[in-house]
Amino acid sequence: MPELNRRQFIAAGAGALAVTSVLRPVPAGAAPFGSSDTTIPAPPNFPAGIPLYQQRYQNWSKEIILDAIWTCSPVTPDDVVRLANWAHENSYRIRPRGAMHGWTPLTIVNGENIDRVVLVDTMVHLNGISVDPSTSTVTAGAGATIEAMLAQLEDNGLGWVSVPAPGVLSVAGALAVDAHGAAIPAAGETPVAGTTYGSLSNLVTSLTAVVWNGSAYALRTFDRSEPEITPLLTHLGRAFLTSVTMQAGANSRMRCQSYTDIGWREMFGATGAPGRTFESYLGRTGRVEAIWYPFTENPWLKVWSICPDKPVTAREVTGPYNYAFSDNLPEVASDLIGQLTAGNTFIAPAFGQVFYGTTVAGLAATASSDLWGWAKDLQFYIKPSTLLLTEGGGAVITNRADVAQVIHDFTQWFSERVAYYQSIGQFPINGPVEIRCCGMDAAADVLVDSAGPPTISAMRPRPDHPEWDTAVWLNVLGVPGTPGMFAFYREMEQWMRSHYTGTTATFRPEWSKGWAFSTELPYKDAAVIEDTLPNTYREGVPASENWDTARATFDSLDPHRIYSNTFIDRLLP
Ligand SMILES: Cc1cc2nc3c(=O)[nH]c(=O)nc-3n(C[C@H](O)[C@H](O)[C@H](O)COP(=O)(O)OP(=O)(O)OC[C@H]3O[C@@H](n4cnc5c(N)ncnc54)[C@H](O)[C@@H]3O)c2cc1C
């Protein structure tokens, strides 16, 4: 992290801005304000003392890339207050930024004018964590990673039952999009007090945000009992959180067993089907993920279970990310990706076989088919070095008894469509299908007085269907740039929305992933963005707590829309 040198200091000229950059180091590779390496006009009157620099922005799948955008890293929550008031007074927008570990245009929109936009990286300084064992809570700065939070919780005998797969996510980035894990209670399991099978958002007991107080932007702490907190629990980037307090429960040991010898037709059998079905494992342990590589027979099934004592056959692990073979591509796979992006899509079946073969060999070579350790070491299993793929899909909200049917119907549809495209020489999909389940944002899980579940979380319970207690996450991945991929995602999204409807299920977006597909791109279908998605949060919920009231709260807390971008302006106008 280089300080400005003397030449850069002089170039920066006198005044607060020069002092700003000199006082605080900037991240490696960034061009500090005032240096001759900057290429875009600097924001005027920028608040003193907050490191400001030009930096590259790149989302996970590299589908949203900016070579240079002004970025800053506030050191304290009060810095964020100064930033917000500066943005308001100077007609700028500020976009909070975490790990950039996502797909959506909820931070920055490809190609939008960024002349009056500053990114705010919370992960550099706003990342403190403290655990209060007396209340079983953890308080963290917005930019703390969920892995660091769980490490400190673990040191205090605490944990969460349902956690996203990568640990590098910032907590505020994860909460913005109702991040979730893959757990429902096993048959007969007693839920651990303090945790939830729903979204991380449902664990929040209070949060602090920078909001408009009638005359200026200021810090305000919202307790879970305050009605205005519910839209802030999942806000899609339409707010700025500086810290959160989240409840936790007793930590546990877990086991994760992998299977690669079950045919997909058996695994994805309909409700009550015999054999080694997804449904049967879900009943036994409540924690299952299937990864089904394209054009292969046997998915990779992970089955996690709560397991206080180490089974003799299991290997003990003492840290997360234990599937190194899936985080580090073999050369043959990278070569195949090059072929796919060059337009030779017909090699998709070979691609699937390579991945299946790598998984079987990797599990054996690293003795990873049966692992045991502390919960977080089994729950985190995706590293940033894993294959960069794009994703489409969503959540089917249904009754647990119908999960197998949901999965059966989808996998039948998927295999028929893929076979059809193959028959006409097209291969729009070349990544795996991923299937997981989690619970809902149940009111009973919250241990403090609560105003309710996150208003626009996909796991928000439907009062008119209390029997819908499970979210089934159906995702399909693909190599960015594959011809026909987005048209396939569009067809799939429309099929899911029309198939999972009525009295047995509803379909909701997975906010962090791809949705509203046109035939060319995600996030482009105007009817879905402007009507269908908002309606998802009007159906079956009280008019006093729905999409429209969430929008009204966002507007009252940020009437000047400094926390928005051109895409959010359409989604949450
Ligand atoms: C390989 C991979 C695997 C994943 N697995 C899972 C999974 O298992 N489960 C799951 O639920 N999700 C998963 N995700 C999605 C992930 O949870 C989201 O993309 C999440 O938003 C990423 O967090 P981030 O820190 O990278 O946030 P960013 O991508 O940087 O930001 C995301 C949003 O949060 C907003 N934001 C960031 N900081 C703040 C703040 N301080 N205040 C207000 N808003 C803020 C941003 O403005 C933006 O709108 C996965 C993503 C990847 C790439």
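Q: What volume does the second largest cavity have?
A: The general idea comes before the case: rolling a probe the size of a water molecule over the atoms shows where empty space is left. In this structure, which is a predicted model, the second largest cavity has a volume of about 100 Å³. A search of the whole structure turns up four cavities of 30 Å³ or more.

Q: Which residues line the second largest cavity?
A: The lining is made up of V161, S162, V163, A182, A183, M254, R287, W304, Q379, Y381 and R436. Sorted by kind, these lining residues divide into seven nonpolar, two polar and two charged.

Q: How is the largest pocket read, and what volume does it have?
A: A cavity is a space from which the probe cannot get out, whereas a pocket is an open set of points. Here the largest pocket has a volume of about 310 Å³, and 14 residues line it, with N110, L521, P522, Y523 and K524 lying nearest its centre. Helix α17 (residues 566–571) gives the largest share of that lining, namely three residues. By kind, the lining of the largest pocket divides into nine nonpolar, two polar and three charged residues.

Q: How many residues surround the ligand, and which are the closest?
A: For a ligand, one can begin with the residues around it and then turn to single pairs of atoms. The ligand is surrounded by 34 residues, and the closest are P96, G98, H101, S170 and H180. For P96, a backbone N or O atom lies 2.7 Å from an oxygen atom of the ligand, and for H101 a backbone N or O atom likewise lies 2.7 Å from an oxygen atom of the ligand. In the case of G98, a polar backbone atom is 2.8 Å from an oxygen atom of the ligand.

Q: Turning to strands, in which sense do strand β2 and β3 pair, and over how many bridges?
A: As a general idea, in a regular strand the side chains alternate between the two faces of the sheet. In this structure, strand β2 (residues 52–58) pairs with β3 in the antiparallel sense over six bridges, and Q55 has I69 in β3 as its bridge partner. The hairpin of β2 and β3 has six residues between the strands, and in this hairpin K62 takes a positive phi near 60°.

Q: Which strand do two bridges join to β3, and how do the two run?
A: Strand β5 (residues 117–121) is joined to β3 by two bridges, and these two strands run parallel; in this pairing T71 stands opposite L119 in β5.

Q: Why is strand β3 said to be largely enclosed by the rest of the structure?
A: A residue counts as buried when its relative accessible area is under 20%. Of the eight residues of strand β3 (residues 65–72), six are buried, so the strand is largely enclosed by the rest of the structure.

Q: How many residues lie between β9 and β10 in their hairpin?
A: Four residues lie between β9 and β10 in the hairpin, and G214 in the turn has a positive phi of about 110°. Strand β9 (residues 204–212) and strand β10 (residues 217–223) pair over seven bridges in the antiparallel sense, with S206 opposite D223 in β10.

Q: What order do the nine strands of the open sheet have?
A: The order is β16-β17-β13-β15-β14-β19-β20-β18-β21, and the pairing in this open sheet is mixed. Its edge strands, β16 (315–316) and β21 (505–508), each pair on one side only. Within the sheet, strand β14 (residues 287–292) and strand β15 (residues 300–306) run antiparallel and are joined by five bridges, and A290 has L301 in β15 as its bridge partner.

Q: Is N546, in the loop between α15 and α16, buried or exposed?
A: N546, found in the loop between α15 (526–536) and α16 (547–557), is buried because its relative accessible area is 6%, a value to be read against the cut-off of under 20%. The side chain of N546 reaches the backbone nitrogen of D548 at 2.9 Å.

Q: Where is the place of S35?
A: S35 sits in the loop between β1 and β2, and S35 is buried, with a relative accessible area of 4%. A polar atom of the S35 side chain lies 3.1 Å from the backbone nitrogen of D37. P43 also lies in the loop between β1 (31–32) and β2, and P43 is buried with a relative accessible area of 1%. The C-alpha atoms of P43 and A87 are separated by 9.6 Å, although the two residues are 44 residues apart along the chain.

Conventions. Residues are numbered from 1 along each chain as its sequence is written. This is a predicted model: local features need pLDDT of at least 70, side-chain atom pairs count only at pLDDT 80 or more; totals for chains, interfaces and linings use all residues. Side-chain values use heavy atoms; hydrogens and water are left out. On a 1 Å grid over the protein atoms alone, a cavity is a set of points where a 1.4 Å probe fits but cannot get out, and a pocket is an open set with protein on both sides within 12 Å along at least five of seven lines; lining residues have an atom within 4 Å of a point. Grid points are joined across faces, edges and corners, and a volume is the space filled by probe spheres set on the points. Ala, Val, Leu, Ile, Met, Phe, Trp, Tyr, Cys and Pro count as nonpolar, Asp, Glu, Lys and Arg as charged, and the others, Gly among them, as polar. Buried means under 20% relative accessible area, exposed over 50%, partly exposed in between (1.4 Å probe, protein chains only). Two strands pair if DSSP finds at least two bridges between them. A residue is near a molecule or strand if one of its heavy atoms lies within 4 Å of it. A polar contact is a pair of N or O atoms within 3.5 Å; within protein, one must be able to donate a hydrogen and the other to accept it, and residues adjacent in sequence count only if both atoms are side-chain atoms.
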